[in-house]
Amino acid sequence: MLDAGSDPAPGRLVLVVEDEESVRMTLRYNLASRGYVVLEADAGPSGLELARGRNPDLVVLDLMLPGLSGEEVCRRIRAESDVPILMLTARTAESDKVRGLDLGADDYMTKPFGVQEFLARVEALLRRSQRPARRTPAATVLKVGEVMVDSDARRVMVGSSEVKMSPREFTLLFHLLGTPGRVHSRDSLLRAVWGPSFHGDSKTVAVHIRWLREKFEAFPTLPFRITTVFGVGYRVDLAPGSPLQR
Ligand code: CA
């Protein structure tokens, strides 16, 4: 028997999106016996629907799914939510390929895997997902010139225009903008924004930086810019006369 007392979140909702019935049943059985409430989907579209409609605490997502690939489901969930995602991949070149992609998953497991390790990863992800509130800087609103970044509303405004961004992009921007002039290495950004056990590499950071820059391209008089510090990482530089206000 597993020690249910060590469970970080009894009764929390876990969505399992997996078309292999035997795998799905094994995960459901073990999650349920640990005190989780389990939702299941056997295809991409139904998985995405449940992720949106039921607001699970964690999503276990197979990569190869009928209807809509796990990759696409992951991207769509991630564009709307910070819910932890544990991606399952087959033991082939697929798993290596996936790690190089920026899917936005928080952790990856290669099938076949042991149930104990699976449960341990689920618990670790849930513990981590409870942490951001404590990590959040005291300031909830950063202002630079006409730019306002509000971490309570998760909203970025340039003048009267809202700049839409994913939760990761937002966190990355907030982290960088809150420490103007400071150089952040790619690794430190990975830890701060994606969490300490994220398995992606620094290309993930580079991709998100590029997306952030693209989103601000429409504003040529932006009072800050994200500077690449060659071989090290990134820094936010403020325009002269545009101090950071908290
Ligand atoms: Ca599959």
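## Arginine 235 and the model

Arginine 235 is partly exposed, with a relative accessible area of 23%. Here buried means under 20% relative accessible area, exposed means over 50%, and partly exposed lies in between (1.4 Å probe, protein chains only). The side chain of arginine 235 meets that of aspartate 237 in a salt bridge, at 2.9 Å from N to O.

The model is predicted: local features need pLDDT of at least 70, side-chain atom pairs count only at pLDDT 80 or more, and totals for chains, interfaces and linings use all residues. Residues are numbered from 1 along each chain as its sequence is written, and side-chain values use heavy atoms, with hydrogens and water left out.

## Salt bridges

Side chains of opposite charge can pair when their charged atoms come close. A salt bridge is a side-chain nitrogen of Lys or Arg within 4 Å of a carboxyl oxygen of Asp or Glu. The whole structure holds 21 of them.

One of them joins lysine 111 to glutamate 18, with the closest N and O atoms 3.0 Å apart. This pair links distant parts of the chain: lysine 111 sits in strand β5 (residues 107-111), and glutamate 18 in the loop between β1 (13-17) and α1 (21-33), 93 residues apart. Helices (H or I, at least four residues) and strands (E, at least two) are DSSP runs, numbered from the N terminus. Lysine 111 is buried at 11% relative accessible area. Glutamate 18 is buried too, at 0%. A network of salt bridges links Glu18, Glu20, Asp62 and Lys111.

Arginine 24 and glutamate 40 form another salt bridge, 3.0 Å from N to O. Arginine 24 belongs to helix α1 and glutamate 40 to strand β2 (residues 37-41), so the pair ties together parts 16 residues apart in sequence.

## The calcium site

Which residues coordinate the calcium ion? They are Asp19 (OD), Asp62 (OD) and Met64 (O), at 2.1 to 2.3 Å. Donors are N, O and S atoms within 2.8 Å of the metal (3.2 Å for Na, K and Ca); water is not among the atoms, so sites may look incomplete. Aspartate 62 is buried, at 3% relative accessible area. Methionine 64 is exposed, at 53%.

Five strands form an open sheet in the order β9-β8-β7-β6-β13, with antiparallel pairing. Its edge strands are β9 (161-162) and β13 (244-245). Two strands pair if DSSP finds at least two bridges between them. β7 (residues 147-150) and β8 (residues 155-158) pair over four bridges. Valine 147 has valine 158 in β8 as its bridge partner.

Another open sheet has three strands, ordered β10-β12-β11, also with antiparallel pairing. Its edges are β10 (184-185) and β11 (224-229). β11 pairs with β12 (residues 233-238) over six bridges. Isoleucine 226 stands opposite valine 236 in β12.

## Aromatic pairs

There are three aromatic pairs in the structure. Phenylalanine 113 and phenylalanine 118 are stacked, 5.7 Å centre to centre with 15° between the planes. Rings of Phe, Tyr and Trp (its six-membered ring) pair if their centres lie within 6.5 Å; planes under 30 degrees apart count as stacked, over 60 as edge-to-face and the rest as tilted. Phenylalanine 113 is buried at 18% relative accessible area, and phenylalanine 118 is buried at 0%.

Phenylalanine 170 and phenylalanine 174 are stacked as well, at 6.0 Å and 15°. Both lie in helix α7 (residues 167-177), four residues apart, about one turn of the helix.
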